[in-house]
Amino acid sequence: MPNVNNPLQNIESRLISSFMFNSELFDIYYLDKDIFSIEEYGIIFEEMKNQYIKYHEVDYQKILQSFMNDNKMLDIVCSINDNAFSDHNIENDIKFINNEFRKRKMKELIYDSKGNDFEEIISMIEDIPNYYHNTRTGEILTEEEIFNLVTNEKSHLIFDLSFMKDFEISFNTLNTIGARTGKGKTAFSLNLLLDLGKKYRCLYFNLENPKDVIYQRLIQIDSRLTKNQIKEQKNENKVSDSIYRIRNGLKIKLYDSREASNIETIKRIISEETRNDFCIVFLDNINNIDTLRRFTNLREKINHITKQLLNIKASMNCVIFALAQLRRSDTNSRPTEKDLKESGSIEEDSDNVFLLHDISDDKTSINATYELITPKSRNDINRQKELIFRKGYQIFEERPE
Ligand SMILES: Nc1ncnc2c1ncn2[C@@H]1O[C@H](COP(=O)(O)OP(=O)(O)OP(=O)(O)O)[C@@H](O)[C@H]1O
């Protein structure tokens with residue numbers, strides 16, 4: 001017998017009663033019986049669905065009759081009836097139940113797949129079906145999405161990250177993020193990805209690391225756990241919550257060099273992905289992108305790639321963040337956009353340039369102080385910001401005053 005004190009079972013019960021007494025809901029929502037945590041609820045829901053398909057209505061008496069020979073089921077049907085007049089938001093209930101279903105499935109997968117590698121688990125998680133959709137609208141829009149549609153608030157990116165809030169990054173712009181080797185370009189862009197991916201569809205091309213390494217770093221940032229802490233059994237719940245948030249709360253697609261290694265393939269993918277929807281594109285990093293055409297030196301190759309990026313930003317519905325290596329230097333001098341010269345014309349052609357400078361330059365420090373320098377910005381915002389790079393967690397934060 002379901003437990004009325006269990007919040008999930010309570011919500012499941014009231015959802016079934018909503019469908020029982022407003023059977024036209026079957027026209028609006030497609031739900032599978034598997035979504036319910038209690039098998040008997042799934043059986044009752046399936047019976048109601050079959051009745052609706054047959055008679056175009058659900059008759060409570062007929063449902064009772066169909067379980068006449070099973071006292072346990074009859075009791076459960078009666079307990080559902082008790083819930084009929086509670087006041088609630090059906091869409092929120094469905095979303096909640098669906099999320100709980102996916103969480104359960106994910107935990108089962110993680111539990112069953114001990115010993116499998118990370119990427120395999122991620123791809124199995126991707127395959128968990130979404131057993132719910134709104135058949136009228138295709139999906140449920142968030143309040144924010146509806147607001148954006150109505151107000152057409154689309155001219156520049158909206159960040160939640162406090163250190164990015166002042167920058168106006170307009171749509172159809174090319175933005176460069178530069179730093180010296182190993183100074184955190186990838187980490188910084190993953191912080192942006194986790195933030196922007198909540199609102200916008202993001203395509204993340206990484207030419208250096210396989211996808212599982214990138215997923216691991218995203219989980220570190222989201223869960224605030226180090227690489228080693230992630231492996232500890234006591235953190236299993238935190239890790240699976242993070243995986244869940246990343247898989248379900250973010251609209252991101254990752255590509256590694258197996259799927260896209262040259263600019264021509266990258267361009268084709270962006271063209272397909274932006275056909276119906278705006279996308280933010282991260283290229284990590286342009287020094288490693290190949291070209292089908294052969295060039296005699298790196299500078300010419302990067303100039304060619306930059307021209308392709310200008311073509312993409314002008315003709316496709318997107319914002320581009322291109323990561324670029326700064327000139328190697330023995331000193332840790334404060335970088336300027338001139339240090340991007342080795343990356344060809346990217347600095348000239350970018351609308352905004354962000355440079356990361358490790359002020360502390362202490363290789364042993366786990367929390368380094370950084371300066372975020374913007375030598376070039378289209379909206380003439382030339383603000384230096386001090387950041388803290390918490391390397392163990394791969395997190396960038398604004399440095400408190
Ligand atoms: N999973 C991780 N956990 C903790 N530290 C990491 C992790 N991955 C990389 N690092 C460290 O974080 C720092 C920043 O690395 P990151 O890859 O972001 O720099 P980058 O500028 O993108 O490097 P590159 O020039 O090689 O592309 C480096 O010191 C690196 O060794």
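Let's start in a loop. His56 sits between helix 3, residues 39–55, and helix 4, residues 60–66. His56 is not a glycine, yet its phi is positive, about 60°. Keep in mind throughout that this is a predicted model.

Asp284 and Asn285 are joined by a cis peptide bond. Omega there is about -15°. And where is Asn285? Asn285 lies in the loop between strand 6, residues 279–284, and helix 14, residues 298–315.

Now the ligand. How many residues surround it? The count is 16. The closest are Lys185, Thr186, Ala187, Gln220 and Gln325. By class, the shell holds one nonpolar residue, eight polar ones and seven charged ones.

Which helices supply at least two shell residues each? Helix 9, residues 185–196, and helix 10, residues 211–223. Helix 9 gives the most, with three residues.

Next, some distances to ligand oxygens. At Gly182, a backbone N or O atom lies 3.0 Å from an oxygen atom of the ligand. At Ala187, a backbone N or O atom is 2.9 Å from a ligand oxygen. Then a side chain. Lys185 places a side-chain N or O atom 2.9 Å from an oxygen atom of the ligand. What about burial? The ligand alone exposes 640 Å². The protein buries 76% of that.

Strand 9, residues 367–376, and strand 10, residues 385–390, run antiparallel. Six bridges join them. What stands opposite Glu371 in strand 10? Another glutamate, Glu386.

One step on, strand 10 meets strand 11. These two also run antiparallel, joined by four bridges. Ile388 has Glu397 in strand 11 as its bridge partner. Strand 10 and strand 11 form a hairpin, with four residues between the strands. In that hairpin, Gln394 takes a positive phi near 65°.

To recap the backbone points to check in the viewer. His56 has its positive phi of about 60°. Gln394 has a positive phi near 65°. The cis bond joins Asp284 and Asn285. For the ligand, go to Gly182, Lys185 and Ala187. That's the tour.

Notes. Residues numbered from 1 in each chain as written. Predicted model: local features only at pLDDT ≥ 70, side-chain atom pairs only at ≥ 80, totals over all residues. Heavy atoms only, no water. Near = heavy atom within 4 Å. Polar contact = N/O pair within 3.5 Å; in protein donor to acceptor, adjacent residues only side chain to side chain. Areas by Shrake-Rupley, 256 points an atom, 1.4 Å probe, with all protein chains shown as cover. Nonpolar A, V, L, I, M, F, W, Y, C, P; charged D, E, K, R; others polar. Pairing = 2+ DSSP bridges.
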